[in-house]
Amino acid sequence: MLITSLLALVAFSIPTASRAQEATPLAAYAEAVQFYENGDLVKAQEAVDSCISGEPRYYPAVALRAELEKQSGDLRAMRGDASFILDKLGDSPRIRGNAGNSAAQAIAFYLEGESGKSALVFDWLVGLDGTPPLALAAAARTYDSLGRGKDALEQANRALVQDSAPLYFQIRASAEIKVGLYGAAVSDLISVLRVNQSFPGTYVLLGDALAGKGDATHAREAYQKALFLHSGDVQAELGLARLDGREGKQDQAQADLEAALKNDPEGYAPRLAQAEVLYSAGARKDALPDYQAALGAEDFPLDKTELVGRRLAKLGDYQDSLTAFGRAINFFQGSQQDVARVWLEESEAFAGEGNLDKALEAAKEALRSDESNPKAWLAMGSVEYAMGRPSKALSDANKAVEVAPRSPETLLRRGELFFRTHDAARALSDFNSVIALDSGDAQAYNDLGVINSVDFHDFLRADEDLKRALSLDPKNPEFYFNLGLLETKENLFGEALDAFNSALSLGGPQALILKSRAEAYARLGDRTEAVSDIQTLIAQNPKDASAYAVLGWINYRAADYPDAEEAFQKALDIESGNASALWGMGAVYGAQGAPRRALRRLSDALEADPSSSGVLLALCQERRVAGDVSASIKACDRGIALAPDYGDLYYQRALDQILMDRPDEALADIKNAQEHGLEIAEEYLAEAAAHASLGKYREAHEDYQKAYSLNPGAHQIEVNLGPPSADPEGFYNSLSSAGLFKNPDVVNPYAFILRGDALSNAGHYSAAIEEFSRAIKIGGNLADAYAGRARCLDAQGQYDDALQDLKTSLSSAPTQAFLYDEEAKTLVLLGRYPDALAAEIKAVRIDGRYAGAYLEAGHIRYFMKKYQKALANYGLAVKFDSANPENFGGMGLGYFALGKYPEAIESFSTAIALNPRDAEFYKNRAAVYADMGKYENALADFRTGSALNTDPQEVREYNRLIEETRMRLAQRRP
């Protein structure tokens, strides 16, 4: 359908007027105004030239001629006329008694790109009675360019009350489009077309209004009509390009842009449009030359400088962005709020350039322009913080909140400052206040997620917060990156990789993302991909010391100490004070049994980064290994002073307190560690040892039960820098050191239960059974004693006796979920799978977050060949305990049984990352690789599993698998 169908009622007739040969200058000006109002620019030009030839200093006529020169593209002549007016009338926006001259001055300011000054004059003019409609319309256009949409519409309406000329309808339509009143704009433009259908600019505006309404078909017809009237109309081509881009016709959109560039190769409009298309499509680096070219074009309008300055700053071109912001400040001069906004953007650009002094001065200029602007106070605070003045920064942020106490943005920014200055509680309060004011604030949810993860270690809530942020803003790379970091902490490395990949595809910072992705690959056991990511960064920047440091840590965690040392040394060759590399060297030396060298390097790392709580943690561990427990405590004290929310430091100090025979202090530190998010099996074993030394055996046994529920294979209390080792005698020896076995309490049955725990954990089952039996003899029907003895009986193959003990235990403690889990394990050993499953169902009814019960239920369903349900149970186990490698091992079994090999590999890899010394995980992953035909990978895993196994029978089985895999590999090779 043609555009004419939409405008069927529009009359084609155009009123004409003939100018008398002997017309006076004022009469010629009146005729020029009439022609101009009706859209006949050629006749308007003739009439205004006649006026000025008779009266060269009739400034309204000169202003009208400048307008016509701008529309015809004669920018040099336009600037000459505008400068002439300002030279004669003065270039400061002072109020003049002559309304006509004031209007001319205001128009000249506008044409010179100083809309702020223009608005000051128009603000006076529009308050006068009898201001001519042409001046009101010019005021509307000025307000429109400054973003004062409401004022623009008001003055356009006033002009139309006096004169219903097409020009005023068109000016009102332009303002209506800017504020989103597309239907009203279409109505006004049809009014224009009833009088004059020959002006392409009207059709371009009509296309814009129809496109805004979502009527792409008629919008396209309007742009095509404009091109029919003027085949080289750039704005029409750009309108078509926008339509094609929205409809996914990228090739056609590019053709439209090229046509616009061909028609106006030196103009700003096609360059700016092309830059915006590239920027919106994510090709930001490609957009930079077009933004620069647009800014340098002779016809570049000053009302676009702020936008382009903002884009250039984001693309890192601070020099050009500052040029643009300087022009924008002149453009908005006189409009305090607008000038303040641009000063703030200039402050941000200076900060990005690294010039903090000028950034601070620009922020102060913003305050001078608008002292009640909370954003100016926030900008001051941001720069003050960057200059190392946190107290001043917070003072500025508080002032911002005082000015705007219910502004979500103000509270958000103050909360971020609180977070940076380690005031987590106040930061959390501000972020929650933001969401209470605006539940759709994606950044607030993101910040909440970060603080819940980093400071409060509440990973489930952090996960909810970050996913809520992404649901509100699914294209934000920062949110994906933070989600990836969280999932790394939750040991969900596969999900972390997905998040990092999304952040990378959306244009997030490549170096930061690749380093984090490399860490995730390394934790999954995929050292090849991890190293590949770091090598990519090194190839791009061979002087990136931090990349070499990350490479060193990847090699260190793989126990490849020579390569780790080499990478750390390269980092130090580039940057001798690189704290991460110095720390890494200390870790390497510690793992290689050289504590003095380790301490020296860690001391260097601390000197390079005195605020690193991680280095202090490593120092306290190494000093304890070196036998200097007092120095270890001092390192922990210093670390806690720097990072009072770092739970690991409290735990390490607790270990020192145990060695110093200070159990009360150790218990206080363990409590602090738990309150700050640290929950590991070794921590509860240490707590058990401290309670035992105080004779609190029941509490010690409860601690042991917690440790056992977190990790049944946990034996060792000490945590060193090197790879984890599992000493079955560790817990037994620690309790011996605490005096439990030297002076047993024959009255308290829990003393014997705890002794049984220690002996059972060390594999001394017969001795443990004796201890549990003595506890039963002293204490009667103690559920814990029967459960402990049942565990030992299971280990000795006495399943019926174990089951009887568990039933006795449950009769006295029917609400203990873990007892049903223990019963299920014994029933599995007896082959009674349905009964075992029923026991696990009882366990999860009591405790719906009991990961161990879900894991065992998964195993039961796996044995029953109900693989889909087994996988669902394993998934719940991971959800409620993502730190237990057994849960991921279960996921791997489920995926393998269902033929989902990539998922199985990922799950077993995560299990290996969490416990690289469990041979079973390597064996299972090798089986998946073999089924996939990846015999080299399978062979490597079988060999690793064999090296980790000490059981001769198991080693023989591994040798058989290795030989079988080698034969398959040989058969496949030509």
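Buried means under 20% relative accessible area, exposed means over 50%, and partly exposed lies in between (1.4 Å probe, protein chains only). The model is predicted: local features need pLDDT of at least 70, side-chain atom pairs count only at pLDDT 80 or more, and totals for chains, interfaces and linings use all residues. Residues are numbered from 1 along each chain as its sequence is written, and side-chain values use heavy atoms, with hydrogens and water left out.

Two serines are described here. Ser407 is buried, because its relative accessible area is 18%. Ser407 sits in the loop between α23 (390-403) and α24 (408-420). Helices (H or I, at least four residues) and strands (E, at least two) are DSSP runs, numbered from the N terminus. Ser407 and Ser433 are 26 residues apart in sequence, with their C-alpha atoms 9.6 Å apart in space.

Ser809 belongs to helix α46 (residues 799-812). Its relative accessible area is 0%, so Ser809 is buried. The side chain of Ser809 reaches the backbone oxygen of Ala783 at 2.9 Å. Ser809 is also in contact (heavy atoms within 4.5 Å) with Ala783, Tyr786, Ala787 and Leu819, leaving aside neighbours within four places in sequence.

The largest nonpolar core holds 177 residues. Such a core is a set of buried Ala, Val, Leu, Ile, Met, Phe, Trp, Tyr and Cys residues joined through side-chain atoms within 4.5 Å. Leu64, Phe122, Tyr168 and Ile534 touch the most other members. Helix α32 (residues 545-557) supplies the largest share of this core, nine residues. Apart from it lies another core, of 32 residues, among them Leu492, Met891, Phe942 and Ile962. Leu64 touches Tyr29, Ala32, Val33, Tyr36 and Val48, not counting residues up to four places away in sequence. In soluble globular proteins, nonpolar side chains tend to be buried together.

The structure holds 50 salt bridges. A salt bridge is a side-chain nitrogen of Lys or Arg within 4 Å of a carboxyl oxygen of Asp or Glu. Asp533 and Arg517 form one of them, at 2.7 Å from N to O. Asp533 lies in helix α31 (residues 527-540) and Arg517 in helix α30 (residues 510-523), so the pair ties together parts that are 16 residues apart in sequence. Asp533 counts as buried at 4% relative accessibility. Arg517 counts as buried at 14%.

Glu823 forms a salt bridge with Lys807, the closest N and O atoms being 3.5 Å apart. This pair links distant parts of the chain, with Glu823 in helix α47 (residues 817-829) and Lys807 in helix α46, 16 residues apart. Glu823 is buried at 9% relative accessibility, whereas Lys807 is partly exposed at 41%.

Arg966 and Glu963 meet through their side chains in a salt bridge of 3.8 Å, N to O. Both residues belong to helix α55 (residues 952-972); they are three residues apart, so about one helical turn separates them. Arg966 is partly exposed, with a relative accessible area of 44%. Glu963 is partly exposed at 39%. Elsewhere, salt bridges link Glu306, Arg310, Asp338, Arg341 and Glu345 in a network.

Aromatic pairs number 12. Rings of Phe, Tyr and Trp (its six-membered ring) pair if their centres lie within 6.5 Å; planes under 30 degrees apart count as stacked, over 60 as edge-to-face and the rest as tilted. The ring centres of Phe481 and Phe500 are 5.7 Å apart and the planes are at 45 degrees, so this pair is tilted. Phe481 lies in helix α28 (residues 477-489) and Phe500 in helix α29 (residues 493-505). Phe481 is buried at 12% relative accessibility, and Phe500 is buried at 1%. Trp553, Tyr556, Tyr561, Phe568 and Trp583 form one aromatic cluster.

The count of disulfides (cysteine sulfur atoms within 2.5 Å) comes to zero. Cys636 is in no disulfide; the nearest cysteine sulfur, that of Cys620, is 3.1 Å away. Cys636 is buried at 0% relative accessibility.

Definitions and conventions
A polar contact is a pair of N or O atoms within 3.5 Å; within protein, one must be able to donate a hydrogen and the other to accept it, and residues adjacent in sequence count only if both atoms are side-chain atoms.
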